Amino acid sequence: MKINNQIIEKHGLKLEEYESIKKLLKREPNLLELGIFSAMWNEHCSYKSSKIHLKKLPTKGRQVIQGPGENAGVIDIGDEDAIVFKIESHNHPSFIEPYQGAATGVGGILRDVFTMGARPIALLNSIHFGSPSHIKTKSLLNGVVSGIGGYGNCIGIPTVAGETKFNETYNENILVNAMAVGHAKKNKIFYSKAKGLNKSVVYVGSKTGRDGIHGASMASAEFDENSEEKKPTVQVGDPFTEKLLMEACLELMKDNSIISIQDMGAAGLTSSSVEMASKGGLGIELKLDKVPCREENMTPYEMMLSESQERMLIILEDDKEKEAKKIFDKWDLDFVIIGKTTDTNNLTLKFKNEVVGEIPIEALASKAPLYDRKWSKKNSRKNKINIKSLKKIKIEDALIKILSSPNHSNKSWITNQYDQSVMCDTIQKSGSDAAVIRIHNKDKAIAVSVDSSANYCKSHPITGGKQIVCENWRNLTAVGAKPLAITNCLNFGNPENKEIMGEFAECLEGIKEACEFLNYPVVSGNVSFYNGTNNKNIYPTPVIGGVGLIKKLSQPISHNFKKDNSIIILIGKTFGHIEQSCFLKENYSIIDGMPPEVNLVNEKNNGECLLKLMNTNLILSAHDISSGGLITTISEMALTSNYGAKINKPKKLTNIFEYFFGEDQARYVIEIERKNLPKVEKIFKENNIYYENIGITQKNYLEIQDELKINTKDLFKINNEWYNNY
Amino acid sequence: MKSSVIVFPGSNCDRDIAVALEKMQFKNTMVWHKETKLPKSDLIVIPGGFSYGDYLRSGAIAGKSLIINEVIKAANSGCLILGICNGFQILTETGLLKGTLLRNKNLKFINKDVHIKVINNNSKFSKKYNENQILKINIAHNEGNYFTDPEHLIKLQDENLIVFKYCDEDGNINEKSNPNGSINNIAGILNSKKNILGMMPHPERMVDEIISNKDGVNLFSSLLN
């Protein structure tokens with residue numbers, strides 16, 4: 001077939017990119033080669049628009065064993081233990097086919113983690129849907145939630161935490177980000193870099209079918225009204241096979257037979273083989289006749305571009321094939337030597353004894369296009385909102401509006417569909433600031449959380465970027481963990497639009513600043529551009545997944561009130577920043593103004609002081625303050641406990657709505673026993689921490705002097721209605 | 001006490017039950033589904049999970065596996081058998097327990113802590129509990145809606161074969177306290193020889209205070225004579 005402009009375009013390549021391909025090959029590519037270029041050069045695999053900016057992120061630290069560039073990031077949690085983790089997007093497939101899209105998102109991220117020698121111990125997710133009233137939202141929500149559950153429940157990894165948000169910006173482009181966390185031995189981490197000539201390249205796992213062909217290219221373009229037609233590019237998941245593959249790989253990893261290993265994720269066999277060869281500075285030759293196929297008469301083009309799930313590529317040490325094959329036979333999985341490493345530095349593809357494609361590895365990897373796309377700074381001049389000019393409402397009504405809103409309602413309708421307890425190490429699950437997972441058979445635990453703030457990022461990307469890192473850091477701190485490192489999933493619109501590229505660059509600037517200051521490096525991540533339909537881009541939605549360490553396991557701190565008549569303290573300064581708040585959004589439909597300012601120094605000091613208090617066992621409960629402000633936070637502490645609270649009015653005469661609903665950062669609410677107050681105050685003073693003694697816990701009622709009195713049982717009811725009625 | 005845990009491809013609570021058994025001083029062996037001989041055991045556990053992916057029907061393929069013939073033989077000679085969750089489903093597929101497990105009434109997977117009441121504390125599996133004791137225990141299943149024919153249901157009641165029923169915090173057994181729609185709120189049953197217990201809730205998840213509570217402990221200690 002002669003390659004023409006139409007074919008090039010169909011492969012998602014620009015004409016000038018095609019010219020570069022010809023230059024690199026010094027000839028015209030054939031269709032198979034063109035397909036391979038399109039798989040490797042698309043945005044999803046090449047990071048061509050984001051690389052320049054991603055390089056600026058801090059990725060190092062004493063806690064980091066492996067930063068970005070591998071299947072997942074690896075951090076040190078002391079003794080011989082390492083934590084392996086990563087987050088990834090599966091937005092485009094999930095919008096087209098929610099169940100399979102979400103399920104394979106979970107499957108893909110799990111493979112990234114166990115490929116590195118870690119046994120997965122926790123799954124998290126961040127899912128964003130359009131407005132609840134949008135016609136597609138309900139079925140997308142149903143499909144995505146059952147897809148995430150269907151995969152995680154079957155493979156037997158607990159889904160322990162996540163966030164679910166609704167915002168009309170996602171009406172035509174939902175976000176499904178899945179994060180997996182695994183535990184490995186520090187000296188038993190496996191990498192994807194190939195080493196040595198003439199080593200066997202082994203294909204293991206499921207057979208290759210025609211599903212998912214061009215999946216990565218689909219994820220690198222905007223949607224239009226014909227997106228439904230792309231259904232065949234969505235892969236189909238088989239969690240049962242993944243479970244077998246995971247067990248077989250982990251069994252093989254006990255021995256020293258693996259040189260390198262790489263899962264076949266986006267762009268399947270193509271990207272896995274190219275990545276291994278390119279990292280090792282080698283060539284790789286594949287005999288495609290050997291590839292186990294699910295369907296008859298599959299062409300080399302289809303085999304190389306299929307994104308069938310649950311497959312791995314392994315480079316084995318000499319003479320280890322027999323032993324290795326035994327393990328895969330035990331688990332009833334395919335194990336086929338399909339090629340070898342070479343010194344040609346080429347990807348060589350043979351089919352029926354003929355060379356059907358030959359491409360220099362560097363043309364696909366290091367010589368892939370790199371763009372420094374134009375971007376523009378966000379105009380951050382905003383109208384000031386004068387709260388006094390708004391219609392008067394009662395605090396009680398405002399609070400009820402927030403607690404019964406889709407974004408703040410109790411999510412047990414979702415989380416009850418996930419097995420959160422399997423593996424018997426989940427100490428604290430969804431609904432807390434962070435989930436807490438014990439390291440199996442050990443006296444320590446990790447805390448994990450995922451967070452995003454699209455409205456803040458849209459309004460002021462630099463502040464928004466900083467804020468999510470801080471909020472994530474705060475969530476881990478609030479359960480008593482020392483935050484160690486993050487993974488990020490950067491969901492943005494079309495990078496060819498300079499305003500969108502500006503949002504990207506500036507969000508990253510904010511993330512960078514916060515991560516540097518908090519010594520909270522980025523060890524893995526994923527970029528998802530082209531989230532939008534017909535030129536309508538989504539709000540910038542970077543999602544941060546953080547991991548922290550609880551060194552010595554006692555009962556971790558949870559956020560529900562524990563006792564009657566204990567003291568409630570607010571840590572951090574309250575300025576009453578009401579712009580971009582949940583209060584204005586839910587009560588007045590106003591989404592305007594600047595996000596709250598982020599002061600990294602206060603953030604760090606307040607959090608570190610809280611950890612000190614926790615280490616001295618002076619805290620009964622703690623909760624970070626985020627969306628919804630102080631009174632929403634206190635309500636959440638009362639909702640799940642037998643106790644309410646009696647809260648004083650602010651001493652200084654500020655606007656009461658700004659005080660109780662403002663979303664100032666770096667704040668926590670804690671509960672302590674009365675007798676411990678002097679000790680706690682002493683620690684605050686020694687560390688120069690601003691705090692307010694705001695009230696006490698009491699039975700049955702949440703109360704603000706003269707302003708509000710509501711039964712906690714009613715609060716619980718209000719908070720639990722929305723999902724069940726949707 | 002010697003125990004064996006059968007491991008099918010797709011079992012995923014096998015490690016959890018092994019940890020619980022060892023904690024309770026059982027000498028435990030894991031038995032791979034392709035094996036044709038069982039080690040000498042006083043207790044055989046069929047763990048939770050998705051054996052063979054639960055393809056076809058939950059527990060259907062496992063019910064026809066090689067090792068299951070040995071389990072049936074052992075059961076017939078009086079060995080104690082405990083099937084939890086997928087294990088219960090497998091036991092009904094083999095015919096060792098009567099009845100079947102349908103999809104949950106709400107057609108969704110359910111994972112949460114629920115309450116169950118000890119109806120029969122006179123079995124080898126439950127003697128350390130008090131009669132009518134209320135336990136808080138975790139469930140995690142898609143097909144836990146137990147169903148059986150009227151004749152068998154009468155037999156279950158008359159012969160005191162129902163060990164656990166779903167209830168609420170205060171012990172009320174009614175439709176509201178039934179998480180999955182099972183007939184008469186049944187959560188766990190015995191065979192007529194009372195050496196086989198099948199139950200949907202996960203006692204192995206309730207043996208460690210820091211994770212949950214210790215309401216599952218007495219099931220295992222009952223078995224330890």
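In chain B, nine strands are arranged as an open sheet of 9 strands with mixed pairing, in the order β2-β1-β3-β4-β11-β10-β9-β6-β7; here strands are DSSP runs of E of at least two residues and helices are DSSP runs of H or I of at least four, numbered from the N terminus, and two strands pair if DSSP finds at least two bridges between them. The edges are taken by β2 (27-32) and β7 (134-141) of chain B, each of which has a single partner strand, so that one side of each is left without a neighbour in the sheet. From one strand to the next, the twist averages 25°, axes being lines fitted to C-alpha atoms, for helices over the stretch in contact, with angles running from 0 to 180 degrees between N-to-C directions.

The model is predicted, and local features need pLDDT of at least 70, side-chain atom pairs count only at pLDDT 80 or more, and totals for chains, interfaces and linings use all residues. Residues are numbered from 1 along each chain as its sequence is written, while chains are lettered from A and ligands numbered from 1 in the order in which they are written.

Within the sheet of chain B, strand β4 (residues 80-84) and strand β11 (residues 196-199) pair in the parallel sense over 4 bridges, and I81(B) has I196(B) in β11(B) as its bridge partner. Helix α3 (residues 86-94) of chain B lies across β3 (43-46), β4 and β11 of chain B, and runs at about 120° to β4(B).

Chain A contains an open sheet of 6 strands, also with mixed pairing, in the order β14-β15-β16-β21-β17-β18. Its edge strands are β14 and β18 (522-528) of chain A, each pairing on one side only, and the twist averages 20° from one strand to the next.

The contact between the chains takes 23 residues from chain A and 22 residues from chain B, residues being in contact if their C-beta atoms, placed from the backbone, lie within 7 Å. On the side of chain A that touches chain B, the elements giving two or more residues are α8 (137-155), α10 (239-252) and β14 (426-428) of chain A, and α8(A) gives the most, with 4 residues.

Elsewhere in chain A, R674(A) is placed in the loop between β25 (668-672) and α24 (677-686), and touches N565(A), S566(A) and I567(A), not counting residues up to four places away in sequence.

Note on methods
Two residues are in contact if their C-beta atoms, placed from the backbone, lie within 7 Å.
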